[in-house]
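Thanks for making the time this morning.

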Amino acid sequence: MSDKPVTITPSSAMVRTLGLVSVICGIIIVGVYQLTLPSVNANKKLALERQVFKVIPSAKKVVTYFATPTGIVLAEGQDQPPAQAMTFYAVYDESNKLAGIAAEASSAGYADQVRVLYGYDVDKKAITGIGVVSMRETPGIGDKILTDEDFLRNFTALDVSLSADMQSLANAVKTVKHGTKTNPWQIDAIAGATVTSKAVGRGINESAQTLMPRLVPHIDKLRNPS
Amino acid sequence: MSAPSSFDEFLDGIWKQNPIFVMVLGMCPTLAVTVSAINSISMGLATTFVLAASCLLVSLLRSAIPKQVRIASYIVIIATFVTVVDYAIQAISLDLYEALGAYIKLIVANCILLGRAEAHAAKNPPLPATLNAFGMGLGFTLGLLAIGSVREILGAGKLFGLSLFGPHFQPWVVMVLPPGGFFVLAGWLIVFAAFRHISIKRNAQLGGVQS
């Protein structure tokens with residue numbers, strides 16, 4: 001047996017300390033969470049509205065809905081989105097008329113997911129504006145999708161009308177090489193930023209292919225909200 | 001060894017032991033978020049807060065924490081304040097939150113924090129511990145700002161979002177891309193090393209006889 005003076009900390013002391021530290025930290029976290037929750041939610045709502053107002057300029061009020069394969073439901077009052085739900089926003093103007101629909105599209109870009117919000121014009125059956133929600137594309141190259149006027153002109157009336165059977169788009173949205181756009185459902189890519197342009201096109205196509213067949217048959221329900 | 005005054009504790013981190021340029025700690029956020037001056041300041045202040053708050057708590061609990069579980073306790077404490085900052089930034093500005101991204105959560109893995117808690121806060125009373133941590137945090141912030149402003153000026157022609165050179169400036173894009181972080185950091189390290197070299201030489205000349 002060695003007779004070195006070893007101080008042994010009893011396990012109970014360690015457990016007690018860790019318990020104490022955890023309790024203190026737990027209280028701090030819960031307190032701060034409760035304290036910041038209202039402003040975090042307000043910020044999120046504000047950020048969403050700012051995005052929506054950018055793609056649908058006449059917007060005044062934004063109502064969140066879920067689109068499911070069987071129909072559309074109001075998001076308010078739902079604890080969690082139903083299975084396979086897709087979130088979209090019904091946007092109303094000053095006189096409470098349906099000004100358009102906004103929804104999110106996302107696809108892998110050059111660096112990370114490119115998430116855009118697009119505005120859908122119900123009468124034109126076309127996408128009439130996009131805004132970027134988040135991206136990490138190369139500054140000066142990929143982020144031209146925010147500023148390039150030629151590129152943004154693709155989204156003044158991008159055709160997303162449904163085919164006759166109402167199951168999919170009549171023509172898939174597709175990004176084409178710069179300068180070769182001939183049809184209203186094509187997106188003219190930015191020269192030098194093809195990967196990001198394609199991500200936008202692919203994202204919109206995926207989103208619209210799912211959303212439009214679910215949304216268009218029920219559009220009257222949105223026109224006259226009870 | 002005489003105990004350093006509180007003010008010295010505070011100044012230590014800003015100059016003599018600057019975490020970025022002298023200790024070369026916390027390189028992950030240093031390289032990643034310094035694409036603009038405002039991001040650098042925000043990241044620096046967030047880190048400063050976590051550093052000061054966790055060092056205060058570690059110092060208060062220092063006699064209650066047994067040696068065997070100290071690292072676990074420190075990490076829990078640091079993680080707590082990182083979470084607090086995470087919520088606070090979301091409440092202040094979502095744009096900023098998006099810009100800083102995962103790096104806010106990664107403050108927890110910043111070696112300055114555990115380093116300070118272990119090397120300083122665990123051995124000192126609350127006041128000097130907090131002051132030292134605060135100084136370290138400010139030193140870190142200044143370091144980030146030094147890198148961030150150079151990158152923003154060269155890479156975007158702006159400082160704090162204000163355009164400096166007019167519309168004809170051709171931005172040096174690589175400076176706001178990841179390689180730019182390494183270039184600018186290396187540049188500053190050279191500057192600081194040169195400073196130190198000169199002052200060591202001068203001290204040697206002056207004090208050569210005495211020592």
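Which residues have the most contacts inside the largest nonpolar core? Please keep in mind, before I answer, that this is a predicted model. The residues in question are Val50(B) and Val85(B), and the core to which they belong has 50 residues. Two or more residues each are contributed by helix H1 (11–55) of chain A and, on the chain B side, by helices H3 (37–60), H4 (70–92), H5 (94–100), H6 (111–119), H7 (126–156) and H8 (178–207). Among these, H7(B) gives the most, with 13 residues. If we set aside its neighbours within four places in sequence, Val85(B) is in contact with Ala46(B), Phe49(B), Val50(B), Ile104(B) and Ile107(B). There is also a second, separate core, of 43 residues, which includes Ala67(A), Ile130(A), Ile187(A) and Ala189(A).

Let me turn to chain B as a whole. Chain B has eight helices and two strands, and along the sequence they follow the pattern α-α-α-α-α-α-α-β-β-α. Of its 211 residues, 43% count as buried, and among the contacts in chain B with a separation of 6 or more, 76% are between residues 24 or more positions apart. As for confidence, the mean pLDDT of chain B is 84, with 95% of its residues reaching 70 or more, while the predictor gives the complex an ipTM of 0.74 and a pTM of 0.72.

Now to where the chains meet. In this model, 22 residues of chain A are in contact with 23 residues of chain B, and the largest share of the chain A side, 17 residues, comes from H1(A). That side of chain A divides into twelve nonpolar residues, nine polar and one charged.

Finally, the backbone. Most residues other than glycine have a negative phi. Asn96(A), however, has a positive phi of about 65° although it is not a glycine, and it is found in the loop between strands E3 (86–92) and E4 (98–108) of chain A. Is Asn96(A) buried or exposed? Asn96(A) counts as exposed, because it has 10 C-beta neighbours inside 10 Å. Lys125(A), also not a glycine, has a positive phi of about 50°, and its place is in the loop between strands E5 (113–121) and E6 (126–134) of chain A. Lys125(A) has 16 C-beta neighbours inside 10 Å and therefore counts as partly exposed.

Conventions: Residues numbered from 1 in each chain as written. Chains lettered and ligands numbered in written order. Predicted model: local features only at pLDDT ≥ 70, side-chain atom pairs only at ≥ 80, totals over all residues. Core = buried A, V, L, I, M, F, W, Y, C linked by C-beta atoms within 7 Å. Buried ≥ 20, exposed ≤ 12 C-beta atoms within 10 Å, placed from the backbone. Helix = DSSP H or I, 4+ residues; strand = E, 2+ residues; numbered from the N terminus. Contact = placed C-beta atoms within 7 Å. pLDDT = per-residue confidence, 0-100. Nonpolar A, V, L, I, M, F, W, Y, C, P; charged D, E, K, R; others polar.
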